[in-house]
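Here is a briefing on the structure shown below. It moves from one chain as a whole to the interface, and then to single residues.

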Amino acid sequence: MIKWGRFLLFLVVVALLGTLVATTTTQVAGKITLGLDLQGGFEILYEVEPLEAGHQVDIELLKSTAHMIERRINIGGVVEPVIDTELPNRIRVKIASQSADQDKLRELIGKPAVLTFRDEAGKIILRGSDLAPNGAAVGYDDLKRPLVTVKFSDSKKLEDVTRANLHKRMAIYLDENLQTNPTIQSVITGGSAQITGDYTQESAQELADLLNSGAMPAKLIEKQVTSVGASLGALALQKTIYAGYIGAALIFLFMVFVYRMPGMIANITLAGFTYFCLVVLDWMDATLTLPGIAGFILSIGIAVDANIITYERIQEELRSGKTVLSAFRSGERRSLITILDAHITTLIATGVLFFFGTSSIQGFAVVLAMTIVVSIITNVFGSRFLLWLVIRSNMFKKPFWFGVKESEIGEL
Amino acid sequence: MSFNQHDTVIRFDIVKNRRKFFIGSSAIIILGLLFILFQGLHLGVDFKAGTRLDVYIGKDFKPAEIEAIIKEKIPNVAFSPVTTYGTYQAFTRFDQTVSSDTMMVVEQALKAKYGDQVNKQVSTVDPSIAREMVKKAAIAVAIASLGIVIYIAIRFQWLFGVATVAGLLHDVFIPIAIFSVLGLEVDITFIAALLTILGYSINDKIVIFDRIRENLRTMKSKSVEDLEHLVNVSLWQTMRRSIYTVATVFFTVLAIAVLGSESIRNFSLALLFGLVSGTYSSIFIAAQIWVNLKERNMLKKKA
């Protein structure tokens, strides 16, 4: 007897999934951050070297240098640069931008920062190198308002400068950009000064970092540069996605021809798998690069494997003379262990790659691990649920629907 | 399931012929090693100091024209002949790192000649970074192998783990050897491809070992003959799945290799070689190594 209820539930689930995919895919795909190789931009790995002999590169210097780079890029007006520090002495800068002034920006970033203190006439009266190493810090006044404390290495020099410019403004410049313009209120004798103003905790910290980076200016050496023109990136994306469609179409046809009805269900869950991977990519804020897309298309192949393993098992059980329902049950049970073992070992491999790999390999590992987890949910449990619904509706009781010929069924 | 049915599954005695596969694979590996030793690998800028320039010209052009422009703008740096690829694209490689300012000058000259649609992609890598990445990737593969052996030893048996890792090393080596033979460029994406192969290849071996493990529970395997028969049956029971799976992945990757972006062509080719060698080694090498190890164990126990 055909149970329409179950089949109806199946249709509803598929229709819901279809609607979800059809209406939101463009939106989800549009939100995914594309790597430099797909939208144009550049990535530079710098090695940080102290400008003055005797200084060491430490986390502080690295962080303040990274901060300085960010400031400079923001001056250049580029949105959202990604700046990562990598121990012991590297800074990675990624800028996804179609603007043509890439080369100007690189020049701007690579220059050592020069911090200067100037009098009202614009004459340089003190330099970043006059600051004591790590001499700038955030302090508070009596009313708990944030301020910046600054220590100079030569207190005599500070005393002379403050005496000569008493009650005048002293401008602090990073390169040619004015950072702050405090007034000298008294002659400072001990070498420690305070810069007060309308600071928040955050802006005070920023200024302190800036002063520290000025006190220990670093030289940036380009170690690795990748720059991609915008139209080259778009071309690569377009071609690869097109190739992906062809690959997906081949899989789609193959599954229907070989496995018939379950093959159709595999195709539905594969579409779901692809969709949910995109959603998760978006949640993770992962950046999709060209090898990432290729790996992603490959993961579809591995996801297909989960279905093939199950269906081969079901076919085997059918050939041994079992009914569709019991073939489904035992095929499903026996293939589950295999699939889980295979997926867990791959997960172990991705975990290791993540902990021991460098940035691009880490990104690759994260995407691969994500697809494996999503695949277990959609291609193992999702696929089984749908197949169960269809089988229990009693509409497909002939082995034909599972790609098994009557003549192949053994007697038992 | 009856024993008769098992026999009909076997179309060719893989296990009995395993020595041939061992000899064949050893020969390929030795040949590959010789190639790598004498011919070396064609290292991309990722592994050698230098700058790679890719340009999109966007209309018909002659490589010689581009070479002339580069020679004029960068007179002192040697570069490889300009090679065209795809539709209206070309690339070349400089033996030294070239500054971005100089590249800008070249781009402007190209724009002046061919129009504003000209677009460039430049990669410069310091070799110290590349060496470090390779070292880290190698360490990662080694630790991943160890982790897999431990997992398989717990879930299956220690011998399965050893056989899996032997197969994995085979699968990672083959694409390297083929790249050496064909003189294809090895860059960072090649490392990513090798790691993908590793993941796929593990999958493949686990599926087969899983079937062997399952059959070990239901079929008797007291003698060496029983064991060989059992492995033969297991291999043939999973054969359709092995072929179908590799076929679907193979054609997807082939589509990317043929139709996809040129910049991932080598990546896709490496995957293709790895897929085939991974499927081959799962059936003809890894499973057979396990048979050898297991038989030695059985004989030892008897003695």
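## Chain A at a glance

Of the 412 residues in chain A, 51% are buried. The model is predicted. The secondary structure of chain A comes to 10 helices and 13 strands. Among contacts in chain A with a separation of 6 or more, 74% join residues 24 or more positions apart.

**Interface of chain A and chain B**

- Chain A and chain B bury about 6000 Å² between them. Carbon and sulfur atoms carry 64% of that area.
- Chain A puts 64 residues into the contact, and chain B puts in 68 residues.
- The interface of chain A and chain B holds seven salt bridges. A salt bridge joins the side chains of B:Arg213 and A:Asp341, with 3.1 Å from N to O.
- On chain A, six named elements each supply at least two residues of the side that touches chain B: helix H4 (102-110), strand E12 (218-228), helix H7 (230-284), helix H8 (290-319), helix H9 (324-356) and helix H10 (359-392).
- H8(A) gives the largest share of that side, 17 residues.
- By class, the side of chain A that touches chain B has 35 nonpolar, 16 polar and 13 charged residues.

**Strand pairing between the chains**

- E12(A) pairs with strand E5 (residues 119-125) of chain B. The sense is antiparallel, and the pairing runs over five bridges.
- Within this pairing, A:Ser227 stands opposite B:Val122 in E5(B).

- Strand E9 (residues 171-174) of chain A points A:Ala171 and A:Tyr173 one way. A:Ile172 and A:Leu174 point the other way. All four of these residues are buried.
- Strand E5 (residues 115-118) of chain A pairs with E9(A) in the antiparallel sense, over four bridges. A:Arg118 has A:Ala171 in E9(A) as its bridge partner.
- E9(A) also pairs with strand E10 (residues 177-180) of chain A, in the antiparallel sense and over three bridges. Here A:Leu174 stands opposite A:Asn177 in E10(A).

**Residues with positive phi**

- Most residues other than glycine have a negative phi.
- A:Lys144 has a positive phi, near 65 degrees. A:Lys144 sits in the loop between strand E7 (137-140) and strand E8 (146-151) of chain A. A:Lys144 counts as exposed because its relative accessible area is 69%, and the cut-off for exposed is over 50%.
- A:Arg260 also has a positive phi, near 55 degrees. Its place is in helix H7 of chain A. With a relative accessible area of 30%, A:Arg260 is partly exposed.

**A buried asparagine in chain B**

- B:Asn232 is found in helix H8 (residues 224-237) of chain B.
- The relative accessible area of B:Asn232 is 4%, so B:Asn232 is buried; buried means under 20%.
- A polar atom of the B:Asn232 side chain lies 3.1 Å from the backbone nitrogen of B:Ile14.
- Leaving aside neighbours within four places in sequence, B:Asn232 is in contact with B:Ile10, B:Phe12, B:Asp13, B:Ile14 and B:Val15.

**A buried threonine in chain A**

- A:Thr378 lies in helix H10 of chain A.
- A:Thr378 is buried, with a relative accessible area of 9%.
- Not counting residues up to four places away in sequence, A:Thr378 touches A:Thr269, A:Gly272, A:Phe273, A:Phe276 and A:Ser383.

- A:Glu60 lies in helix H3 (residues 59-75) of chain A.
- A:Glu60 is partly exposed, and its relative accessible area is 44%.
- A:Glu60 and A:Val324 are 264 residues apart along the chain. Their C-alpha atoms are separated by 67 Å.

Terms used: Residues numbered from 1 in each chain as written. Chains lettered and ligands numbered in written order. Predicted model: local features only at pLDDT ≥ 70, side-chain atom pairs only at ≥ 80, totals over all residues. Heavy atoms only, no water. Buried < 20%, exposed > 50% of the residue type's maximum accessible area, 1.4 Å probe, protein only. Polar contact = N/O pair within 3.5 Å; in protein donor to acceptor, adjacent residues only side chain to side chain. Contact = heavy atoms within 4.5 Å. Buried area = accessible area lost by both parts, 1.4 Å probe. Salt bridge = Lys/Arg side-chain N within 4 Å of Asp/Glu carboxyl O. Nonpolar A, V, L, I, M, F, W, Y, C, P; charged D, E, K, R; others polar. Pairing = 2+ DSSP bridges.
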